[in-house]
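Trainee: Could you walk me through this structure? I'd like to begin with the overall picture and then go into some details.

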Amino acid sequence: MPPISTTAIHLHPLSNPPLFIQFESLTTMVSPISKNLESTIEDNEEHLHNIEDLDDDDDVDVDADEEQNWEDWTADGEEGDEEDDLELLCLFCDSKFNSVNSLFEHCHLSHGFDFGSIRTTMKLDFYGCFKLINYVRSQVAKNQCWSCGSICQSRQELQGHLHEPSGFESNNLPWDDDMYLKPYMEEDHLYISFGEDEEVDDDDGIRSTDEDMIRNTNGLEKMRIDDGIDSETYGASVSNGAKVNSENGKDGHAHDGVSDGKKSNGSCVNPADREIVIVNKSYFGSYSSFGIHREMISDKVRTDAYRQAIVDNPSLIKGAVVLDVGCGTGILSLFAAQAGASRVNAVDASDKMASVATQIAKNNGLLWNQEKGSGVVKVVNGMVEDLIESGKIEPQSVDVLVSEWMGYCLLYETMLSSVLVARDHWLKPGGAMLPDTATMYVAGFGKGATSIPFWENVYGFNMSCIGNELVEDASHIPIVDVVDGNDLVTNTAPLQVFDLVTMKPDEVDFTASVQLEQKPSHSADIESTVTKCYGVVLWFDTSFTSRFCKERPTVLSTSPYTPPTHWSQTLLTFREPISLTSKMSVNGSSSTVGTDVAPAVKIDSRISIARGVEHRTIDISLEVTAIGFDGRKRQWPVQMFHMR
C-alpha cells in the first residue's frame, strides 16, 4: 500500500476497510475493530445478559399465586417495578408498546411487517435480526419503503404505501451489511427484546439462536490461553492482524471458545466468555471485506517474502503436507500448491472467506477433489480450537505450518496464540514453521516523527501550540504510523526474539530492557549534537531462516529503514522530550538530567507487552530513565498504552 501520511494514525483493521484517524483526534483514539462495534456492544451485552438471566431461574422468587411473564423481566435480570416501564417504539409510526409481542402484532396488522415470518423465512440469527431492525428504522427515517425501496414524499404517504415484502433472496439481503450493526436509534429497547418471543427449550432454557451463537465458539473450557480475559469492544475495521481486536489479527484464529453446546441446570455463561463470543464474531466477520485482503496482498514486502519462502525452497515444500492458518483468499496456499505440496489444508474461521478461498482454488484448478483424485488445496472453515475438537485434520499430520499472523506491534490481535496451538496439535515432530522467528526492535524518534513540524509553519503562521498539545496527548496513546529512518535519533536495539518453533504460549507476554544512545553525528559542534528524543518506536522482522529454508532464506522487515508495509510502525511518546547527546556536557552538572543544559547520554527503557484484559488487545507499559554523563539519573513515572 502507499506510504501513510504522518498526519494520520493508521490502525490495523479487527479488522474491514482500514481505519484512518486524523492526528488531531488523538484524544479519541480507537482501534481497527473498536469504533464501529463500540456503539453496539452495550446492546449485544444486554441481549446476552438475557441468556444468563434465563439460566438463573432458581435465583428468582416466583409467587405461585401470581402470574409471571417475560415482559416483567428487565435487561439486567431483575423484575421491573412496572410493566409499563418498557417503551418499545413502532418501526413505522409513533405508536409505543410495553411488550415486543404487541409491537410486532401491530407492525404486522397495520404495516404489513411480519417480523416472525421474515425471521423464519430468511433464517435470520440474532445479528441478522439486529441488522434488519436498524435497516428498517433507517429507511423509514428517509420516507423510503424498506421492502421495495420506493421513496415517498411524506411519512403519511409511506404509511399508505407499506406492503408485505417480496423478491428478497436470503443470499442478497439489503440489510446484510455491518453498517447496520450500529444502532440507528439510541436506547432502543427493541434491541434487547426482539428475541423474547422465540421458543425456549424447557430442558436448558437457552434460546435457539443464542445457543447456536455460543456453540460457534465451542471449547473454551478445554483451551483457555487468556485466563480471566474480559473482552470489551472491538473494531469493525482491522487488517490482519489491532485489530484492535484484532482483530484486526488474522482470519480464523480465535484462541477462545465458549461452550460445547451442552449445559447443566443452574449454570450460566460467564460474562467474559459471552463478550468473547461477540468479539470473535465481529473479528472474523470483518475479514469478509475484500478491501482488507487487497491491502495485504498489495503489500509487496509482505507477499513477496512469503512467496520467496514458499516457492523458492522446493526441498521444503515439494511433496509436503502444508497447513495455512488464517488463509484468507488462500494466496499462501496457492503458493504452496504451486511449489509442489502434496496437500494444503487452508484454514479460515470466516465463513465468507472460506467460501471465497474455495472458489479461488477451484477456479485455478487446485481445489482438492477426493472422488476425482485431483487438486491439492482443501479449505477448512472453523477456528483452530474447534477444528482440533472436530478432528477434520489429523493430529501431527503436517510437515509445514505457514501463517501470516502478525498484527500491529507484532502482537496486536493475539493471533500468535492460536498459531502455537495449531503447531502443537498438527505439526509433525521436526516440522517446519514459516516464518520460524520473529524479532521486535526499538529506537528513539525525534521531532520529525511528530506532528510538530507541520504546525510550526501553516501558510507562514506559527501554530506550534497545536502540535505541542497533540504530542502531549500522544503520551497516552500508541500511534501506528509510517516513520522515516531519518527521523530516528538513537541506535536500534533488539527488544525481544521469539523462536516460533519452541516458544510456549505464555511467552507471548514479556518484559525487556534496552539502552538507547544518540546516533553518531558527523558534526564537531558540541551544541549541534544535542537532540531531543520524543519517544520510542517499535517494529518487527519475521525471518524464514536457513533452519528450514535451505535454498533461499528471507526476511520480512517492517523497519523504518526499509520500504513501508501495511503494518507501519508503533510509536510510544514520552511525557516530555528528553535531550540527548553523545558528548560530555560542559554546562551546569546540577541541572536536571535530560534537559538542554544537562542532556542525557543514555536512555534506559523497560518495556512490557502483554495480552490485554479486553479480548484481542495488547497492553504496553513504558518505564524511562535518563542517565547523565556523570551517572546521575532521572526517572519518569510508568506510562501505560492500551492498543485496541
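Trainee: How many helices and strands does the protein chain have?

Mentor: The secondary structure of the protein chain comes to 17 helices and 20 strands, and please keep in mind that we are looking at a predicted model.

Trainee: And what share of the residues counts as buried?

Mentor: Of the 644 residues in the protein chain, 56% count as buried. The chain exposes about 27300 Å², and carbon and sulfur atoms supply 47% of that area.

Trainee: Which residues have the most contacts inside the largest nonpolar core?

Mentor: Those are W405, L411 and I609, in a core that has 95 residues. Helix α15, which covers residues 416-426, gives the most to this core, with 6 residues. Apart from it lies another core of 31 residues, and L91, M122, I133 and Y135 are among them.

Trainee: Changing topic, is S138 buried or exposed?

Mentor: S138 counts as buried, because its relative accessibility is 10% and the cut-off for buried is under 20%. S138 lies in helix α5, residues 126-141, and, leaving aside neighbours within four places in sequence, S138 is in contact with Y180 and Y184.

Trainee: What about helix α12, how many of its residues are buried?

Mentor: Helix α12 runs over residues 331-338 and is mostly covered, with 7 of its 8 residues buried. The buried ones are I331, L332, S333, L334, F335, A336 and A337. Just after α12 comes G340, which takes a positive phi of about 100 degrees.

Trainee: And which residues are buried in α17?

Mentor: In helix α17, residues 464-473, the buried residues are S464, G467, L470, V471 and D473. What covers them includes α16 (452-456), β14 (531-544) and β16 (569-580).

Trainee: How far apart are the C-alpha atoms of S397 and V321?

Mentor: Those C-alpha atoms are separated by 7.4 Å, although S397 and V321 are 76 residues apart along the chain.

Notes
Residues numbered from 1 in each chain as written. Predicted model: local features only at pLDDT ≥ 70, side-chain atom pairs only at ≥ 80, totals over all residues. Heavy atoms only, no water. Buried < 20%, exposed > 50% of the residue type's maximum accessible area, 1.4 Å probe, protein only. Helix = DSSP H or I, 4+ residues; strand = E, 2+ residues; numbered from the N terminus. Contact = heavy atoms within 4.5 Å. Core = buried A, V, L, I, M, F, W, Y, C linked by side-chain atoms within 4.5 Å. Areas by Shrake-Rupley, 256 points an atom, 1.4 Å probe, with all protein chains shown as cover.
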